[in-house]
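Subject: A structure for you to explore

Hello,

Here is the structure I promised to pass on to you. Please open it next to this email and follow along as you read.

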Amino acid sequence: MAVLQIATRPFADQRPGTSGLRKKVKAFQQPHYLENFVQSIFNAIPDRAGKTLVLGGDGRFYNREAIQVILRMAAGNGWGKVIVGRGGLFSTPAVSTVIRARGAHGGIILSASHNAGGPDQDFGIKYNTANGGPAPEHLTDAIWTASRSIQGYQILDGADVDIDHAATFWLGDMQIEVCDPVAEYAELMARIFDFDALKQLMQGPFRMRFDALHAITGPYAHEIFEKLLGAPAGTVVNGTPLTDFGGGHPDPNMVYAKPLADELFAENAPDFGAASDGDGDRNMILGRHFFVTPSDSLAVLAAHATAIPAYRQGLKGIARSMPTSQAADVVAEALGIAHYETPTGWKFFGNLLDAGKITFCGEESFGTGSDHIREKDGIWAVLAWLSVIAHTGQPVAEIVTRHWQRFGRHYYTRHDYENLPAEIGEQIMHSIAAQLPVLPGQTLAGREILIADDFAYADPIDGSISAHQGLRLLFADGARLIFRLSGTGTEGATLRIYHEHLEKDPLRQHQDPQRTLRDLIQVGRNLSRIETLTGRKAPTVIT
Ligand code: VG1
Ligand code: CO
């Protein structure tokens, strides 16, 4: 089969964001758009010849078409082998697992994560490296650079291949292995957790519900919770991946996973509820009549880590993204282990994990994970919570309230103002940044500001600097107020305002976060002048 050289011209908008390139499906459907970006990835990996690539996506609209193009381009670019998930499917954590298990050189994940799917919605591509983690900034920068000077791409001339049956065959000089997307991931989970203990939990009166939101975790959840652990059929709902996720946002939070939230807050609620996102790396944890914030989830799991066989020796350290609450830091200090604060995005945990500095890490955006792979992992987080429940014999609400009594409660809320005009988003950030120098020493919301800065991160392993990672106000009492623009949207700008304050008094640990944080929320609205500039009286999403 011949390799075709197709001439092309650069697109100016192929800069990867927090997690790969995300655009409307329509953008990807422009002639050469997908091919240009894939070739730019390959151009940034000069040592790819003969190596193995893992490929799959969350099943959203355009997944199957993109898989066929990428297979032909991989063959035209000298890759030795591509391992593709059957049906073109793979969750993000499963790609990370398979890259590591097979010693692959990297992987391509097709997903726009929690963004909606369908012909008028979003698509995305991200590249992961040999450690199984998201491409670090120097590589995403190299991809972006390549995309701005691209002149052509190489693609094998040929027809579509069968990706719907597990088999190994050749496409030109490249081998293709179509594999079960669940098997290797499920085996890894069985090595980390005590499946016998979890089986016992499932066979008692304990009831759980897992909402896959019509996204990629359905097949994984059916296999692991129902088949391997013996939870009753029907435990997993919305478990068949659909190209448009049933018309919803596959985003596990109280807004987009409302039916699950309603069920867990109803009178006859199950004991435990969980959901994951489009590509399976996020998680939401609910108890009966109880919501666990992702920041608390990381802290609680860290405090109970030794209940899980793989972490019985204890944790090496814990990392959290900067806007994530400081709850995990308090646990790390109590355990006498190191804690790290990184910029938003899982790629910043990679070096710390590879260097053995941390075992657990997490983000406030419903992301939790460990050193078992190099991505956040929704199903892993659910299994970790089930392990803590099985070990303590306590319901979720009791596990968390006891945690607060011991470590204090970090009241936390994030307010998102979605779909602002891009220039207004920039203007808001610039004007807050301009105020930073005069803020320290001032008292706002009855709290003195100690530090006001633009967060920059120096990676402790490779020394690389990542600047402009969010504007922070740190108050004398430990409270924090943080402003960031999202790097994952496909339309306009999304302003995220993060609010946090610590309450050590157990008698005051059971209030509504929106109430206890209202002074900080007001400060955030005033400083950003959100209402004056946009007319928005309230955020679009509160988590
Ligand atoms: C968001 C979250 C961030 C997360 C990223 C990718 O980024 O805030 O914590 O790592 O999404 O998650 P941003 O730039 O929009 O705030 V996923 O599940 O979309 O891979
Ligand atoms: Co995701």
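Let me begin with a definition: the radius of gyration used here is taken over C-alpha atoms, and the rule for a globule is 2.2 Å times the number of residues to the power 0.38. Please keep in mind that this is a predicted model. For 543 residues, a compact globule would have a radius of gyration near 24 Å, and the protein has 23 Å, so the two agree.

**The whole protein**

The C-alpha atoms fill a box of roughly 70 × 60 × 40 Å along the principal axes. Within the protein you can look for 18 helices and 27 strands. Of the 543 residues, 58% are buried. If you take the contacts with a separation of 6 or more, 72% of them join residues 24 or more positions apart.

Asp277 and Asp279 are both buried.

Next, please find helix α13 (residues 378-392) and helix α14 (residues 396-407), whose axes come within 10 Å and cross at roughly 85 degrees. Angles of 65 to 115 degrees count as roughly perpendicular, so α13 is roughly perpendicular to α14. On the α13 side, the contact is made by Trp385, Val388, Ile389 and Thr392, while α14 brings Val396, Ile399 and Val400. Sorted by class, this contact between α13 and α14 has six nonpolar residues, one polar residue and no charged ones.

Trp385 also turns up in another place, in the contacts of Ser297. Ser297 lies in helix α10 (residues 294-303). Is Ser297 buried or exposed? Its relative accessible area is 2%, and buried means under 20%, so Ser297 is buried. Leaving aside neighbours within four places in sequence, Ser297 is in contact with Ile285, Val292, Thr368 and Trp385.

**One more helix**

Helix α8 covers residues 217-228, and its buried residues include Thr217, Gly218, Tyr220, Ala221, Ile224, Phe225 and Glu226. After α8 comes Gly230, which has a positive phi, near 80 degrees.

**Two loop residues**

Gly132 sits in the loop between β6 (122-129) and α5 (137-149). With a relative accessibility of 0%, Gly132 counts as buried. Apart from neighbours within four places in sequence, Gly132 is in contact with Ser96, Ile99, Arg100, Arg374 and Glu375. Gly132 and Gly350 are 218 residues apart along the chain, and their C-alpha atoms are separated by 8.9 Å.

Arg15 belongs to the loop between β1 (3-7) and β2 (21-24). Not counting residues up to four places away in sequence, Arg15 touches Leu21 and Trp144. What separates the C-alpha atoms of Arg15 and Ser147? The answer is 8.1 Å, although these two residues are 132 residues apart along the chain.

Enjoy looking around!

Best wishes

Terms used: Residues are numbered from 1 along each chain as its sequence is written. Chains are lettered from A and ligands numbered from 1 in the order in which they are written. This is a predicted model: local features need pLDDT of at least 70, side-chain atom pairs count only at pLDDT 80 or more; totals for chains, interfaces and linings use all residues. Side-chain values use heavy atoms; hydrogens and water are left out. Buried means under 20% relative accessible area, exposed over 50%, partly exposed in between (1.4 Å probe, protein chains only). Axes are lines fitted to C-alpha atoms, for helices over the stretch in contact, and angles run from 0 to 180 degrees between N-to-C directions. Helices (H or I, at least four residues) and strands (E, at least two) are DSSP runs, numbered from the N terminus. Angles under 35 degrees count as roughly parallel, over 145 as roughly antiparallel, 65 to 115 as roughly perpendicular and the rest as oblique. Contact means heavy atoms within 4.5 Å. Ala, Val, Leu, Ile, Met, Phe, Trp, Tyr, Cys and Pro count as nonpolar, Asp, Glu, Lys and Arg as charged, and the others, Gly among them, as polar.
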